Amino acid sequence: MDSLFRNTLGPASWFLLSLIPLALFALYFLKLKRQPLEVPSTYLWHRVIEDLHVNSLWQRLRKSLLLFLQLLLLALAMLALLRPGWQGQALEGQQFIFLIDKSASMSATDTVSGESRLEEAKRRVETLIDQLDSDMTAMIIAFAEQPEVVQEFTDNRRLLREALDRIEPTASRTDLTGALELADGFANPRRLLTEEGEFEVSEQEQVELYIFSDGRFRGVEGFSLGNLQPLYLPIGSFAAQNLAITALNARRGEERPDQQQAFVQVANFGEQPQATVVELYLEDRLIDAVELEVPAGDVASTTFALAEEAAGQLRARLDPPQSFDDTLRLDNEAYAVLEDRRDARVLLVTPGNTTLESALATERANRLAKVEKMAPAEMEKPDYLLQSQSEVYDLIIYDQCVPQVMPLASTLFVGRLPPTDLWKQAEAEPVFGPQIIDWERGHPLLNLIELGNVQIVDTLITKPPLGGGVLVDSTKGPIFAIAPRDRYEDAVLGFEIVGHEEDGTRTYNTDWPRKHSFPTFWLNVLDYFAHESSSAATHNKPDLPVELRINSQEETLTVELPDSQRREVQLERVGRLAFHETGQLGVYKVYSGGQVAKQFAVNLFDREESDVRLRVKQEGEDGVQVVDSLSIGYVDVAAQSPGSPVRRELWKLLLAGALVVLVFEWYIYNRRVYI
Amino acid sequence: MPVDRDSSLLSPELLAQLERLELVTRKVFRGRMKGERRSKRKGQSVEFADFRNYVPGDDLRQLDWNLYARLEKLIVKLFMEEEDLHFYALVDASMSMDFGRPTKLDYAKQLAAALGFIGLIRADRVRIETLGQGVGEKSPILRGRQSVWRLLQHVEAIEPGESISLSEGIKNFCLRNRGRGVVVFISDLMDKGGYESALRYFVSHQVDCFVIQVLSQEELEPDVKGDLKLVDCEDADEAEITVSAPLLSRYQQTLNAFVAGAQDFCTRRGMHYMLANNQLPVEELVAKHLRRRGLVR
């Protein structure tokens, strides 16, 4: 009853109202005070009346036409008071933007029909499109990590439907902000160019924003809706269960560094503890399978032992029992790449520098690279010459010394300038007492480094050649810079850490070694120059660009996607690959000259996406589960109950109808001779 | 000549027009007195009709002596006889005739006076009666131009208010008047008992009968609206109607059927029928429509 009608009057009012038709009836039957009129003879009239009496019910109805019209009027008024309406996907407004979430969690199959949430959303948008009037325009934006305008504003429903069909599920995370900004850009300008020509959007025009999503993302902050009228239509269910692999990585065991281990973490986003089998494959060969008991709403993890030399694609797969309804299957597989593990080798050429040596000898540093030490005098030896020119080392650190030829490796000079003309532009004499003004905090070398409290006695000014960048700037000029050289990079630290006085005694040139930033800096150095390969362990997210360092001289590389499609990629810089088309989950192979130069894995690993349950707002004592609202800026967009975004009311129509009846009755009353 | 004493009945123009007319009948009746109308009988006019053999008893004055001289046979020469015509105007003076503008009764009286005047001019015997007269109450027989005044006086004296059924009235009329002739019955024929049995008296009476049904404009095209209680002025019968378009059209159908029924009834029985609207001027009715019907010439 309440869904169809909403009572607006109390019982007393209804009682009074119900008296009106009774009174009407009474008046009708009492009123028959006919005007007497004398006629010559009623002879013919009687015959007429008899004829008409014979002539059916309709004549009687016609006689009471006024009564019926009055009753109809009353009935319409009463019906209008009941405010009938239906919970339909009715559209009110002129312009609509349909935001459709196509993120990974929308692939969950917890809808009533058993289709994915995205299909459900598309179906519901389609019903909305069907209801568009001819003067309404709509556009469709699909969003995940990146928003995409699938169809611009148009009133062509066929275009809208076709656009809807084009939306494919993705494996990426959800970012509503981008989609909102895009919608805002379309909704809030005054004029739009569409296919049909220029289209005016007046200032006051509200644009209805329908958000079809499962709400698996955090609220949007700092966004003003402006003319957008948001409606959030949650899709999915509270009870959806899902098991997901939330972590997979391979590393050396802490206890046994000679052994590799694969670490798998499984999360259970359900209400019940769930047992599942985790299988691990290396290059499609089953390595091992483990049964895991995952507590409800918690994670469980396991490790798999791998052989020392194991290399290739690592794939973990969840195999939940048949009885378990795993709504999201995207996150049941995870990928990792085991590199052919070559330890990074770092050569430290130093006349002796305890501080530096100890910074490079920490346990952490050992895990990152194997550091060898050498005196500057040994640079004359053929061994060094051979090794430095044959890419044996990833990084050579020249502390207070300079090689005669630049090696085929990245270098870091401490207190000296590289022996090339490119670096020799500035004054080669040390300057005294520089104060550090600023440093490039975003550069990986200076990651987490605080230099403001570092004092330096004297330093060389390191002016990088063209293409390089200054990393630390001081009152006297740049004192730390980096510049590329072929596929290597040379970094130059202008000041010595430990200096030598004229008499040969050692002095401290800086108090940096006493700061926390010092060991961190050297770890960064190892990490940046030598340990690049292990960056593959960092997670690449779907639809986010991947940047790789490739050992290749070619300018064009081929990337093979997980589904075996191939893409040619033009390199902006030799040795650097930036790849954007990471929509698929799995292992991507980079080919250089027909050889696999690099592999990287793209994984979901996102608890927000894997937790496919609709977010629940706690509702007092009655325990009714209500879908949590979205917060956009300072506005809370309440979730509309499924299938009923708008209640369409009839009462206006009914009152208009009553008015028409009234006019009709008046007309009949005055002109009924002719009816 | 005191003709136009009452100009409300007959205007001088009408009289002048009527003087040129005469009453006609298809039937030839035997008159009472010498008149201007050819009779069945052979008689004494100047117009030759036939010869026939003499039989004893014939008037010797009518023998054709010339023929006797030639043929030695007694041949009687017959002449046409001219006689007068009995003209009766029977006016329905019931209450229902007292409607309309002019009232149907006035219209009927005017019509009766006009026809009577024609009769008087042509030396016919004219008698104007109403339905309500009893068997013994005979109206005077008028004859000759000098009686015009009496005719008008008599017609003028007819008052509405008689309540008698059609058949009763006509029966009385037939009982009163044995003589045959032309009867013009002026009525609205609105009798709840029906007009059929009444008109049959005329048939049996073997008169040349003209039925002129006078209806008022209000009856022909009623201009009414709303919820009404119609009261019959004669018997106070009531009919409640709610006027609507179908009702009115149904009324028209009924009226047309009524008129057509009456016409059909009369035509089948050798009577003449005519519907007169009270808006139609009497002179036009007489000069045009009745002339076409063959009542006047």
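**The A–B interface and some backbone details**

Gln400(A) is buried, its relative accessible area being 9% (buried: under 20%, with a 1.4 Å probe and protein chains only). The model is predicted, with local features needing pLDDT of at least 70 and side-chain atom pairs pLDDT 80 or more, while totals for chains, interfaces and linings use all residues, and side-chain values use heavy atoms, without hydrogens and water. Residues are numbered from 1 along each chain as its sequence is written, chains are lettered from A and ligands numbered from 1 in the order in which they are written.

Gln400(A) also has a positive phi, near 55°, and sits in the loop between strands S19 (395–399) and S20 (410–414) of chain A (strands are DSSP E runs of at least two residues, helices H or I runs of at least four, numbered from the N terminus). In chain B, Ala236(B) has phi near 60°, and a cis peptide bond with omega about -5° joins Arg101(B) to Pro102(B).

Turning to the interface, 27 residues of chain A contact 35 of chain B (heavy atoms within 4.5 Å). About 3100 Å² is buried between the chains, 68% of it from carbon and sulfur atoms (accessible area lost on being put together, 1.4 Å probe, summed over both parts). On the chain A side, Arg34(A), Pro40(A) and Trp45(A) lose the most area, together 24% of what that side buries. H2(A) supplies the largest share of the chain A residues touching chain B, namely nine. Strands also meet here: S1(A) and S7(B) pair in the parallel sense over five bridges (pairing requires at least two DSSP bridges), with Gln35(A) opposite Leu228(B).

Methods. Buried < 20%, exposed > 50% of the residue type's maximum accessible area, 1.4 Å probe, protein only. Buried area = accessible area lost by both parts, 1.4 Å probe.
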